[in-house]
Amino acid sequence: MNPTTRIIEVRQNVLKQNDVVGRALRQRFHDAGVFVVSLVSSPGAGKTGFLEMTLTELRKRFRVAALVGDLATENDAARLARSQAPVKQIVTGTLCHLEAAMVESALEGWRLDELDFLFIENVGNLVCPSSYDLGEDLRLVLMSVTEGEDKPLKYPTIFNSADVAVITKIDLAAAVEFDRAAANRSIQSVRPGMMVLEASSKTGAGMPEFLAFLESRRKAVRPATSLRKAAALAGPEK
Amino acid sequence: MHELSIAMSIVELAQEESDRRGGVPVVAVHLKVGALSGVVKEALCSSYEVACEDTPLAGSRLVIEEVPVLVFCANCNAPRPVHCTQLFCCAECGALCGEIVQGKELQLVALEVEE
């Protein structure tokens, strides 16, 4: 150290601002009783197709909505809108990830207490989104069977920031000689104990299991609102 | 590549802290970067120079302390380093460990300022 300088202790998280907004969002989601799921993956892993099917299926029994982030175009929002669920596109411009403040402003005008599930599709990127808390209850990392079983080893940080891994395009597994055991070994190696699900947005394989999992997680985290909803479905109280 | 936006946050934060102390000139910014922070040191260093341009922090140094991953090993009943970030095994006993206790840091630790 230069003798004419002194050290001032600061100890502040660099992403403090994002963390503060993320925490506030989490509280809002909790208070409104909406269960929030975010999706991260590399570009082309099938986030949008997977989400479209999820919205279409969940919509039959729940109130669902989605936010989708992309650097440019509103194509994904248009695709997701086919599910008939409310969808809003967040165009990030040059930014390679979503930040909590973008989610916050995209939610303006939406009644969160009228939703059971909210999905946030991040920009296709396996690096940058890992650092940013979006206030979600559950973060899914998707990898498709065409990407190579060692993907988790190449991007351990994002797998460590996520709660559950979903292997997509499972209908192509045989065609691309996907090695399920090797993929699972890679995942468990970078994130021991991580739950792994498989799905195909084309054939619907694995979707019932995924939807049941979402429902049970929502019930565990939002027990009060799940009960209220069950009561409302059962009819007026006598 | 989000290091530039992170570098800009660092500059902003350092500037705020300096301002709160009467605009004391900052010579260096000390940062802790965890192995699982999602930030690449080299990219951050070059981004930092760009982010400092035309600010009172121009010419200041970025001093990075790299923080290795520590997990809680249930087998050893203690925090332990991992084999590597591709293999979350306790470096002592080899048990798979998922509970991270250190390594996600991205923290502005201190400012080095002129007397």
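Reader: In strand 7 of chain B, which residue does A:Ile8 stand opposite?
Author: This is a predicted model. Strand 1 of chain A and strand 7 (residues 106-114) of chain B run antiparallel, joined by 7 bridges. Within strand 7 of chain B, the residue opposite A:Ile8 is B:Leu111.

Reader: Which element gives the most to the side of chain A that touches chain B?
Author: The contact takes 30 residues from chain A and 31 residues from chain B. On the chain A side, the elements giving two or more residues are helix 6 (156-161), helix 7 (180-190) and strand 1 (5-13). With 9 residues, the top contributor is strand 1 of chain A.

Reader: How many charged residues are on the side of chain A that touches chain B?
Author: Chain A brings 30 residues to the contact. By class, 13 of them are nonpolar and 13 are polar. The charged residues number 4.

Reader: Which residues is A:Val141 in contact with, leaving aside its neighbours within four places in sequence?
Author: Two of its partners are A:Val40 and A:Ser41.

Reader: Why does chain A count as being as compact as a globular protein of its length?
Author: Chain A comes to 9 helices and 8 strands. For its 238 residues the globule rule gives 18 Å. Chain A is close to that value, so it is as compact as a globular protein of that length, with a radius of gyration of 19 Å.

Reader: What share of the residues of chain A count as buried?
Author: Take the contacts in chain A between residues at least 6 apart in sequence: 74% join residues at least 24 apart. Of the 238 residues, the buried share is 43%.

Reader: Which strands stand at the edges of the open sheet in chain B?
Author: This sheet has 4 strands in the order 5-4-3-6, with antiparallel pairing. Each edge strand has a single partner, so one side of each is left without a neighbour in the sheet. They are strand 5 (87-90) and strand 6 (100-102).

Reader: Which residue of strand 6 of chain B is the bridge partner of B:Leu70?
Author: Strand 3 (residues 70-73) and strand 6 of chain B run antiparallel, joined by 2 bridges. In strand 6, the bridge partner of B:Leu70 is B:Gln102.

Note on methods: Residues are numbered from 1 along each chain as its sequence is written. Chains are lettered from A and ligands numbered from 1 in the order in which they are written. This is a predicted model: local features need pLDDT of at least 70, side-chain atom pairs count only at pLDDT 80 or more; totals for chains, interfaces and linings use all residues. Two residues are in contact if their C-beta atoms, placed from the backbone, lie within 7 Å. The radius of gyration is taken over C-alpha atoms; the globule rule is 2.2 Å times the number of residues to the power 0.38. A residue is buried if 20 or more other C-beta atoms lie within 10 Å of its own, exposed if 12 or fewer, and partly exposed in between; C-beta atoms are placed from the backbone. Two strands pair if DSSP finds at least two bridges between them. Ala, Val, Leu, Ile, Met, Phe, Trp, Tyr, Cys and Pro count as nonpolar, Asp, Glu, Lys and Arg as charged, and the others, Gly among them, as polar.
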